[in-house]
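Hi,

Here is the structure I promised to pass on. Have a look at it first, and then read my notes below.

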Amino acid sequence: MLKRFNDLLDFISANKVKEYVLIAVINIVIIASAIVLTIFLKQIMIAFVGLIALVISNYLIINSYMEKKKAILDEREHEFIAIISYFQFFITNSYNVYQAFQSLIAYASPWMEEQIQSLIIEIDNDKSVKPFINFANKFKNNVASNVMMSIYQMVDEGENGLHMYQFRNLFQELSKSQQMDLIDAKERSMGSISSFPLFGAGAITVLLTFGIISVMGDMINVL
């Protein structure tokens, strides 16, 4: 579990020491506040509220890291489509596949530049389809594998009209798939926002219930 969390922090390039200190401070503040208030106010419900606050705060922290990771992955997916559009431009203008990939480096982010350079090195050492599959596996869109397979066919069988036609169709499919993903993400985001009032209402109901039970308990003790 700890290793997975560390891997997550590494993926989003977070400062591990800083993040661990932040999490520890937040947890200590919540726990200390709950203990102090429970002792002084003599209300066990405060301890329960503190526990809920502890769970929610840690969930929100971890979820923020997950959202950052998702944003990075989505950005890479978008860049892949942008890079392939540049690739299509170079191929259309009489570049061969190898030259096209080399030309893409000037338009790539540091991460994408590293992946393209790795692909070029693999192509130099391995003339099979494996380097293209390895590159496609870095992206979650299944169409990426078909696009890279189509590019490999250009290397293996030549950049004739049929392969160019297949490549253009796959690129259009990839672009359409990205648009659908963006729409789905927007709908999920709106759904999450609409669920917050329900969550808040549920939390308030639970707290009120425990408050009423606590008050009734005090009244019974007095009687």
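Where is the place of Leu37? Leu37 sits in helix 2, which covers residues 16-41. Helices here are DSSP runs of H or I with at least four residues, strands are runs of E with at least two, and both are numbered from the N terminus.

Before going further, a word on the source: this is a predicted model, where local features need pLDDT of at least 70 and side-chain atom pairs count only at pLDDT 80 or more, while totals for chains, interfaces and linings use all residues. Residues are numbered from 1 along each chain as its sequence is written, and side-chain values use heavy atoms, with hydrogens and water left out.

**Overall picture**

The protein chain has eight helices and zero strands. pLDDT is the predictor's confidence in each residue, from 0 to 100. The chain averages 80, and 73% of the residues score at least 70. Confidence is highest in helix 5, with a mean of 94, and lowest in helix 8 (residues 161-222), with a mean of 59. Of the 223 residues, 29% count as buried; that means under 20% relative accessible area, while exposed is over 50% and partly exposed is in between (1.4 Å probe, protein chains only).

**Back to Leu37**

Leu37 is partly exposed, at a relative accessible area of 41%. Together with Ile31, Ile35, Val36, Ile39, Phe40 and Leu41, Leu37 forms a nonpolar surface patch of about 700 Å² of accessible area. Patches take residues with over 30% relative accessible area and no salt bridge, joining like charges within 9 Å and nonpolar side chains (Val, Leu, Ile, Met, Phe, Trp, Tyr) within 5 Å. The areas come from the Shrake-Rupley method with a 1.4 Å probe, and for residues only the protein chains shown count as cover.

**Aromatic rings**

Rings of Phe, Tyr and Trp (its six-membered ring) pair if their centres lie within 6.5 Å; planes under 30 degrees apart are stacked, over 60 edge-to-face, and the rest tilted. The count comes to 13 aromatic pairs. One of them is Phe80 with Phe139, a tilted pair at 4.5 Å centre to centre and 35 degrees between the planes. Phe80 is in helix 3 (residues 44-92) and Phe139 in the loop between helix 6 (130-136) and helix 7 (143-157), so the pair ties together parts that are 59 residues apart in sequence. Phe80 is buried at 1% relative accessibility, and Phe139 is buried at 6%.

Tyr86, Phe89, Phe90, Tyr95 and Tyr107 make up one aromatic cluster. Also, Lys69 lies over the face of Phe11, 5.4 Å from the ring centre. For that, NZ of Lys or CZ of Arg must be within 6 Å of the ring centre and within 35 degrees of the ring normal.

**Salt bridges**

How many salt bridges does the structure hold? There are four, a salt bridge being a side-chain nitrogen of Lys or Arg within 4 Å of a carboxyl oxygen of Asp or Glu. Among them is Lys3 with Asp7, with closest N and O atoms 3.1 Å apart. Lys3 is exposed at 61%, whereas Asp7 is partly exposed at 37%.

Lys70, Asp74 and Lys140 are linked in a salt-bridge network. Asp74 and Lys70 are both in helix 3, four residues apart, about one turn of the helix. Asp74 also bridges to Lys140, with closest N and O atoms 2.9 Å apart. That pair links distant parts of the chain, with Lys140 in the loop between helix 6 and helix 7, 66 residues from Asp74.

Cheers
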